[in-house]
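Dear colleague,

Please find below the structure for your work. The notes that follow it set out what was found.

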Amino acid sequence: MSVEFGIIGQQLVNGLTLGGMYALLALGYTLVYGILLMINFAHAEMFMFGAYVGLFTLQGLSRIEFFTSSGPALLLLYVLTFLIAMVVTGILGVIIERFAYRPLRHAPRLAPLISAIGVSLFLQNAALLWISSRSIPFPVLFEVRTFRIAGANISSMQILIIVTTILLMLVLDTFVSRTRLGRAMRATSQDRDAAGLMGVDINRVIALTFFIGPALGGAAGIFSGMYYGNIKYNMGFIPGIKSFTAAVIGGIGNLRGAMLGGFLLGLLESLAAAYISTGYKDVIAFAILIVVLIFKPGGLLGESVAEKV
Amino acid sequence: MSVAKSKRLFAVIAMLTMLAMVVTACGGDNGADNGDGATGDLVEVKIGVSSPFTGDVAALGLGIRNGAQLAIEEVAPELEELGISLSMLAVDDAADPRTGVNAANQMVSDSAVVGIVGHLNSGVSIPASEVYNQAGVVQVSPASTNPALTLQGFENVFRVCTIDTVQGSFAAEYAYDELGLMSVAVIDDSTAYGEGLAAEFAAAFEAKGGEVVSTDKIQVKDVDFTALVTKINGASPDFIYFGGMYTEGALISKQAKEAGFEGPLMGGDGLYTQQFVDIAGAANAEGDFATSIGLPLSEQPKGQEFQAMFEERFPGETIEAYDTYGYDAAMVIIEAIKAVAADLGVDELTTVAGKQAIIEAVAATDFEGVTGAVAFDENGDTTNKAVTPYVVRDGAWISYTD
């Protein structure tokens with residue numbers, strides 16, 4: 001019996017790891033929707049872009065001998081890699097907002113949507129043509145250990161991903177609920193015009209939103225590269241669709257909803273693959289999600305929380 | 001904008017489009033004709049080559065093109081004396097059935113194309129073969145191993161590679177008898193190639209007396225197999241057999257080993273590339289097995305000659321799994337072109353009757369290629385049934401017999 005329990009535990013960890021990546025990416029969709037009521041379809045490419053920047057940073061920095069000389073130095077290397085990749089991806093997000101979305105802010109709502117699809121195609125094809133059409137191996141510079149906990153085999157990579165994901169979410173949650181800028185974000189989300197009249201710099205808040213979302217999406221991309229061992233120009237597409245779904249399930253516009261939705265979708269997918277059928281895992285997961293939406297059209301946390309951010 | 005203005009604009013755009021088409025068409029022809037300049041006297045004949053030149057399996061596809069190119073360049077001077085200007089028309093199929101059918105249509109619409117070397121993937125070769133059949137052009141696949149390809153009743157479809165029935169049962173015997181592995185979890189990637197290979201393997205393994213503990217399907221482009229490998233780990237079979245390409249195979253190997261699975265992963269020729277080891281990680285891939293069609297290059301009858309020729313023509317590039325098959329497939333068509341040119345005359349080559357004669361000449365092929373003796377049975381399958389097992393040792397595939 002303990003073997004069975006161990007396997008269930010391991011499947012839950014598999015699901016949480018996958019869900020953590022979905023959740024990080026879902027936050028970007030929900031943040032932008034909360035502020036602009038816009039679905040940023042280019043967000044999936046932030047996942048890919050972050051992974052590539054992470055790979056190049058890691059490759060560049062690991063040439064410096066110091067970083068691979070000791071354990072703490074290696075940790076520093078990874079922290080730096082994440083910081084640089086998140087900042088660069090965040091800046092890309094801000095640039096995209098400035099040139100592809102801001103000029104269309106007062107256009108009909110379909111216009112920025114189409115613009116977003118265009119940016120997505122542009123970024124994907126740029127990576128395809130300028131980098132490679134093939135999968136590129138993503139090196140892991142530390143030894144991945146597998147721990148046996150109560151019959152379940154859990155790798156140090158999974159623990160790292162789940163813990164870091166939760167940490168990033170806590171930081172974001174605190175930022176939005178406790179800081180002045182966070183308050184400005186919430187105000188903008190409730191009523192953009194009124195917030196502007198009260199002295200909130202709307203453009204700055206929107207730019208900030210477009211920095212945070214892509215930065216988190218980029219981090220999810222690096223996790224994906226580290227966990228699966230390779231990255232590719234179209235790697236963002238499927239996680240993008242799933243994370244968007246996760247955001248909707250949680251109640252789009254609601255931060256905690258996106259986190260919940262991401263973890264839920266990851267768990268559903270893993271359990272469906274494990275206990276029903278690998279080929280039909282997406283069908284099953286999405287069927288359950290449709291049922292959830294029939295009974296709670298606003299998403300799981302969509303109605304109970306008044307604030308959108 | 002007034003009506004007159006927009007009409008004028010339309011006319012300008014139409015003209016530019018036509019100009020662009022003319023320019024690109026010239027570009028294509030230049031590539032084909034260069035070197036002689038006296039095309040007027042020579043009959044222009046082309047061999048179409050289609051396999052993935054972009055995407056994950058591009059290395060294998062480009063290898064096929066390199067092989068075919070070597071064959072065509074080697075015989076071009078000889079054919080020129082016969083009055084034939086032979087060139088290659090290479091079109092990317094991106095390993096995608098739809099792109100592949102478009103590529104097939106593009107190639108057969110050029111009446112100078114008398115034969116096709118292609119495709120890599122069975123899932124692409126099968127739909128494309130219908131196009132070639134309707135156009136009456138011979139197709140020689142260097143690498144599509146699914147048995148169904150040659151069982152469609154098309155007289156124009158051939159292949160120089162060993163089929164999955166042979167490969168699957170070889171793998172089953174090998175695992176059971178040589179490696180002493182008794183139980184297996186079978187996974188396939190839901191493609192014509194992967195599904196076919198895995199089914200052949202599973203049937204042969206059970207016939208041997210082995211136990212198939214589970215069969216699962218995955219989708220191409222999936223990356224997360226942790227749930228699947230955890231489930232398989234729970235049933236603890238001796239090994240995992242995967243029918244599919246290395247992109248998914250490498251991830252399954254990696255995730256299975258990281259989840260604590262101790263047996264090897266085994267698969268077919270789709271895994272036999274260095275990329276498999278690179279993506280899985282050398283430590284995870286260590287001890288994994290693959291069977292691949294034919295003999296290793298070093299044991300192929302003319303392997304060393306091919307290697308010397310390859311290194312001179314493509315310095316710095318490496319020989320992939322199917323380069324010699326691409327070469328032999330092109331040679332099969334070239335031999336047929338020579339035979340028909342001698343029988344009917346060079347002017348008949350690109351006619352409907354000429355192309356039909358080429359199909360018949362290919363069916364009667366009998367020569368010593370790089371990969372061994374090349375001849376076809378009544379279905380169009382090669383009579384060469386060699387399969388070689390490979391294993392990952394110290395981060396690289398080596399022939400298991402070494």
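The model is predicted, and for chain B the mean pLDDT is 88, with 90% of the residues scoring at least 70. One stretch calls for separate mention: over residues 22-38 of chain B the pLDDT is below 50, and this stretch has 7 contacts in the model beyond near neighbours in sequence. For the model as a whole, the scores are ipTM 0.83 and pTM 0.81.

Chain B in outline

Chain B contains 13 helices and 14 strands. Of its 402 residues, 54% are buried. Among contacts in chain B between residues at least 6 apart in sequence, those that join residues at least 24 apart account for 71%.

The seven-stranded sheet

An open sheet of 7 strands in chain B has the order β7-β6-β8-β9-β10-β13-β14, and its pairing is mixed. Because β7 and β14 (396-399) of chain B stand at the edges with a single partner strand each, one side of each has no neighbour in the sheet. On average, neighbouring strands of this sheet are turned by 25 degrees against each other, direction ignored.

Within the sheet, strand β6 (residues 183-188) of chain B runs parallel to strand β8 (residues 239-243) of chain B, and 5 bridges join them. One residue pair can be named here: B:Asp188 has B:Gly243 in β8(B) as its bridge partner.

Two helices can be described against this sheet. Helix α5 (residues 164-178) of chain B packs on the sheet and touches β8, β9 (265-267), β10 (289-293) and β13 (387-393) of chain B; the direction of α5 makes about 145 degrees with that of β10(B). Helix α8(B) lies across β6, β8 and β9 of chain B and runs at about 165 degrees to β9(B).

The five-stranded sheet

Chain B also has an open sheet of 5 strands, in the order β2-β1-β3-β4-β5, with parallel pairing. Its edge strands, β2 (84-92) and β5 (157-159) of chain B, each pair on one side only. Neighbouring strands of this sheet are turned against each other by 20 degrees on average, direction ignored.

Strand β1 (residues 43-51) of chain B is joined to β3(B) by 5 bridges, and the two run parallel. In that pairing, B:Ser50 has B:Gly118 of β3(B) as its bridge partner. Helix α13 (residues 352-363) of chain B packs on the sheet, where it touches β3, β4 and β5 of chain B, and its direction makes about 35 degrees with that of β4(B).

Strand β3 (residues 113-118) of chain B also pairs with β4(B), in the parallel sense, over 3 bridges. There, B:Ile116 stands opposite B:Gln139 in β4(B). In a regular strand, side chains alternate between the two faces of the sheet. In strand β4 (residues 138-141) of chain B, B:Val138 and B:Val140 point one way, B:Gln139 and B:Ser141 point the other way, and all are buried.

The nonpolar core

Which residues have the most contacts inside the largest nonpolar core? They are B:Ala68, B:Ile240, B:Ala330, B:Ile333 and B:Ile337, in a core of 211 residues. The element that gives the most to this core is helix α1 (residues 2-36) of chain A, with 16 residues. Leaving aside residues up to four places away in sequence, B:Ala330 touches B:Ile47, B:Ala68, B:Ala71, B:Ile72 and B:Val117.

A position in chain A

A:Val88 is located in helix α3 (residues 71-101) of chain A. Is A:Val88 buried or exposed? A:Val88 is buried, because 20 other C-beta atoms lie within 10 Å, and 20 or more is the cut-off for that class. The C-alpha atoms of A:Val88 and A:Leu216 are separated by 11 Å, although these residues are 128 residues apart along the chain.

The contact between the chains

The contact takes 23 residues from chain A and 26 residues from chain B. On the side of chain B that touches chain A, at least two residues each come from β7 (211-217), α7 (226-235), α8 (246-258) and α9 (274-280) of chain B. Helix α7(B) supplies the largest share of that side, with 6 residues. Sorted by class, the side of chain B that touches chain A has 9 charged, 9 polar and 8 nonpolar residues.

Definitions and conventions
Residues numbered from 1 in each chain as written. Chains lettered and ligands numbered in written order. Predicted model: local features only at pLDDT ≥ 70, side-chain atom pairs only at ≥ 80, totals over all residues. Helix = DSSP H or I, 4+ residues; strand = E, 2+ residues; numbered from the N terminus. Nonpolar A, V, L, I, M, F, W, Y, C, P; charged D, E, K, R; others polar. Buried ≥ 20, exposed ≤ 12 C-beta atoms within 10 Å, placed from the backbone. Core = buried A, V, L, I, M, F, W, Y, C linked by C-beta atoms within 7 Å. Pairing = 2+ DSSP bridges. Axes fitted to C-alpha atoms, helices over the stretch in contact; angles between N-to-C directions. pLDDT = per-residue confidence, 0-100.
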